[in-house]
Amino acid sequence: MRISGGIATAVGSWPGADPREAAATIIGELPDLAHLVELPGRGVGSDLIGRVSALLVDMRFDTTTRGYRLAPRPGAVSRRARDLLRSDLDALEEAWETAGFAGSDRQVKLQATGPLTLAAQLELPGGHRVLTDSGAVRDISESLSEGLDRHVNEVRKRLGAQVVLQLDEPSLTDVLNGSLRGVSVLDTVRAVPEPEALAILDAVITAQSAPVLVHSCADSPALSFLRGSAVAAIGFDMATIATRDLDHIGEILDTGKQVALGLIPTTPPTKPPTWRDIAEPGVRLIDRLGLRRSTLATQILVAPACGLAGAPLEWARRALRLSTEVARAYAEEPESLTFD
């Protein structure tokens, strides 16, 4: 299965705590690539790292003052994460059926923390990052691979949908640069060499039966690294892109991969933007790369820059509508788009 271009989606997180209302909103606003909503506002077990406790096979988490730590046995964190994920899946299935999508073979997107960010942010029982122990990294990556495969298959069965899997890797650049802090000033976290990091990421990607999109909200996304990976699509915040990144984006598109452009800001701008304001950077990017405008319709997905959990609800809804309007313009009239 190939991820469609010229459509709108979102990164994953959403404001509020009501999974049914959130699922209905997402499916209504993003019919071409809706997603399983993440609601980190509910607290422990529902944020980027905590939610993974519901997906890993034979591995569980406890909380610490800094975040999450591997636990020797299931506890309250794991039970809560699983309960929250189950309620989110029930809400998605209900909204999917209400929209008349059941059995329609539409696409739906699931999100989970990628193996490198998970190893960077999760602690070992002794307090050090999992990333500092190669054996623990291997174990957690294998557990994640198996858990994600089960998750994808469950959603396929529930919805009768084609599934796209998104791996969130916001810490990827720090992992490659060696800029993560240890538990003390004397405790350093080494930079992971690119070949080693690529092997970890690709092992999870290639174990999946669904196409994989890797998304990074990092200030300097590791585009060159991701270009060489097994991903089907790469997502990033368009506002982080510098001139040095243009060649990497061109190479990504040349390989046939999709690009999810984060064009809509996650907080409301001072001046309310129109869809044309949002569309312009993407069009100018394709023009600057010397690519055909039809690339906007075949290889570009339109999305907010990052998750919307911290946005006012009104702006979050507006961000989805802007994404859909821009994607429609990219798909239907890319050649006719002009800007002053």
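Analyst: Contact means heavy atoms within 4.5 Å. We're looking at a predicted model, where local features need pLDDT of at least 70, side-chain atom pairs count only at pLDDT 80 or more, and totals for chains, interfaces and linings use all residues. Residues are numbered from 1 along each chain as its sequence is written, and side-chain values use heavy atoms, with hydrogens and water left out.

User: Which residues touch the most other members of the largest nonpolar core?

Analyst: A nonpolar core is a set of buried (under 20% relative accessible area, 1.4 Å probe, protein chains only) Ala, Val, Leu, Ile, Met, Phe, Trp, Tyr and Cys residues joined through side-chain atoms within 4.5 Å. The largest one here has 104 residues. The members touching the most others are Phe61 and Tyr330.

User: How many residues are in the second, separate core?

Analyst: Val164, Ala233, Ala260 and Leu301 are among its members. The count for this core is eight.

User: Is Ser78 buried or exposed?

Analyst: Ser78 lies in helix α2, residues 76-98. Beyond its neighbours within four places in sequence, Ser78 is in contact with Ser53, Arg60 and Phe61. Its relative accessible area is 2%, so Ser78 counts as buried.

User: What is the length of the polar contact between the side chains of Ser78 and Ser53?

Analyst: A polar contact is a pair of N or O atoms within 3.5 Å; within protein, one must be able to donate a hydrogen and the other to accept it, and residues adjacent in sequence count only if both atoms are side-chain atoms. For Ser78 and Ser53, the value is 3.1 Å.

User: Which residue stands opposite Arg60 in β4?

Analyst: Strands pair if DSSP finds at least two bridges between them. Antiparallel strands β3 (residues 60-63) and β4 (residues 68-71) are joined by four bridges. They form a hairpin with four residues between them, and Gly67 in the turn has a positive phi of about 155°. Facing Arg60 across the pair is Ala71.

User: How many of the residues in β9 are buried?

Analyst: β9 covers residues 258-264. It pairs in the parallel sense with β8 (residues 233-237) over five bridges, and five bridges also join β9 to parallel β10 (residues 300-304).

Technical notes
Helix = DSSP H or I, 4+ residues; strand = E, 2+ residues; numbered from the N terminus. Buried < 20%, exposed > 50% of the residue type's maximum accessible area, 1.4 Å probe, protein only.
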